[in-house]
Amino acid sequence: MSVIAVLMLPLLLLGISGLLFIYQEVSRLWSKSAVQNKVVVITDAISGLGKECARVFHTGGARLVLCGKNWERLEILYDALISVADPSKTFTPKLVLLDFSDISCVLDVAKEVLDCYGCVDILVNNASMKVKGPAHKISLELDRKIMDVNYFGPITLTKALLPNMISRRTGQIVLVNNIQGKFGIPFRTAYAASKHAALGFFDCLRAEVEEYDVVVSTVMPTFIRSYHTYLEQGNWEASIWKFFFRKLAYGVHPVEVAEEVMRTVRRKKQEVFMANPVPKAALYVRTFLPEFFFAVVACGVKEKLNVPEEG
């Protein structure tokens with residue numbers, strides 16, 4: 001009996017591997033069919049995540065409208081996409097200049113976006129601006145700029161494109177947010193505030209537009225790391241604070257987030273939280289044991305008295 005079991009084990013593993021392969025291929029083809037011929041608008045397409053989203057949607061046969069604040073970098077992305085894609089199965093991307101730090105131009109940009117194909121099926125709100133530093137050292141001017149890029153910009157564009165979706169009774173809006181839309185972390189006051197505001201807006205909007213068959217989705221990674229970010233070495237486990245932030249420091253690669261955005265569109269998910277178990281646990285601790293959570297965070301503030309600012 002044991003000999004038969006030993007012989008069956010490789011066959012069982014081979015069978016499971018085959019089923020997983022078939023599942024992955026079916027999921028890949030399903031993802032492509034979900035966006036084929038759809039008009040997909042991606043903001044900040046020249047960022048790491050924006051480029052990866054452009055790649056997966058372009059490969060899936062979407063009609064892309066790529067928005068960014070630097071025309072030269074948009075053209076580089078355009079060249080990269082058309083150089084590797086099959087022109088018989090993909091559409092030539094449209095390029096639109098968009099800088100959320102200048103809110104006055106967003107309505108004109110929205111009109112330009114609609115003029116590209118006459119409609120929008122999927123809007124991926126990806127633009128984001130970060131800053132780190134003590135609250136009293138961050139100027140109000142910078143606070144406002146962060147709110148413009150992370151909150152007022154995305155909602156202004158969404159409001160301008162939403163009537164088109166409502167009138168057609170179809171569409172999906174995807175907000176790429178952050179864990180800090182759920183709970184704040186010290187020295188990131190303006191960033192966390194903007195992410196809380198954006199999440200609150202799109203949570204409310206989700207219920208408002210459901211009757212029009214418009215889907216609102218939020219994708220929240222801990223943070224999106226750059227392609228060449230490596231973890232620093234050192235005694236990270238010296239405190240609860242350092243252990244927690246070591247777990248946060250892993251972040252999520254842009255490729256992983258882009259693939260999750262595609263899955264979210266395909267499955268019409270309402271909310272996705274991309275994090276390892278520690279940040280997920282922290283969210284529950286913040287909800288059910290707030291005093292303990294605040295105590296841990298306060299310990300971290302005492303250990304990080306000098307925090308450099310970053311743009």
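**Entry 1: the nonpolar patch**

I count helices as DSSP runs of H or I with at least four residues and strands as E runs with at least two, numbered from the N terminus. The model is a predicted one. With that rule in hand I looked up Leu 289, and I find it in the loop between α9 (277-288) and α10 (290-303). I then checked what Leu 289 groups with: a nonpolar patch on the surface takes in Tyr 284, Phe 288, Leu 289 and Phe 292. Together these four have about 510 Å² of accessible area.

**Entry 2: ring pairs**

How many aromatic pairs does the structure hold? I get six. One of them is Phe 183 with Phe 293, where I read 5.3 Å between the ring centres and 75° between the planes, so I put the pair down as edge-to-face. This pair links distant parts of the chain, as Phe 183 is in the loop between β5 (171-176) and α6 (189-209) while Phe 293 is in helix α10, 110 residues apart.

About one helical turn separates Tyr 284 from Phe 288, because they sit four residues apart in helix α9. I note Tyr 284 as exposed, since its relative accessible area is 55% and the cut-off is over 50%. Phe 288 is exposed too, at 61% relative accessibility.

I also jotted down a cluster: ring pairs link Tyr 151, Phe 152, Phe 201 and Phe 202.

**Entry 3: salt bridges**

I counted seven salt bridges. Three of them I followed up, starting with Glu 52 and Arg 55, whose side chains meet at 2.7 Å, N to O. Glu 52 and Arg 55 are three residues apart in helix α2 (residues 48-59), so about one helical turn lies between them. Glu 52 counts as buried because its relative accessibility is 10%, with buried meaning under 20%. Arg 55, at 34%, counts as partly exposed.

Then Lys 182 and Glu 271, which form a salt bridge at 3.4 Å, N to O. Lys 182 is in the loop between β5 and α6 and Glu 271 is in strand β7 (residues 271-274), so this bridge ties together parts 89 residues apart in sequence. I have Lys 182 as partly exposed at 28% relative accessibility, and Glu 271 as partly exposed with a relative accessible area of 39%.

Which residue does Arg 263 pair with in a salt bridge? I find Glu 260, with the closest N and O atoms 2.9 Å apart. I see both in helix α8 (residues 254-267), three residues or about one turn apart. Arg 263 is partly exposed, with a relative accessible area of 27%, whereas Glu 260 counts as buried at 8%.

**Entry 4: the positive patch**

Last, I looked for charge on the surface. Lys 51, Lys 69, Arg 73 and Lys 145 gather there in a patch of positive charge. Where is Lys 69? I place Lys 69 in the loop between β2 (63-68) and α3 (71-84). Its relative accessible area is 61%, so Lys 69 is exposed.

Technical notes
Residues numbered from 1 in each chain as written. Predicted model: local features only at pLDDT ≥ 70, side-chain atom pairs only at ≥ 80, totals over all residues. Heavy atoms only, no water. Patch = residues over 30% accessible without salt bridge, like charges linked within 9 Å, V, L, I, M, F, W, Y side chains within 5 Å. Areas by Shrake-Rupley, 256 points an atom, 1.4 Å probe, with all protein chains shown as cover. Lys, Arg positive; Asp, Glu negative; His and termini not counted. Charge placed at Lys NZ, Arg CZ, Asp CG, Glu CD. Buried < 20%, exposed > 50% of the residue type's maximum accessible area, 1.4 Å probe, protein only. Phe/Tyr/Trp six-rings, centres within 6.5 Å; stacked < 30°, edge-to-face > 60°.
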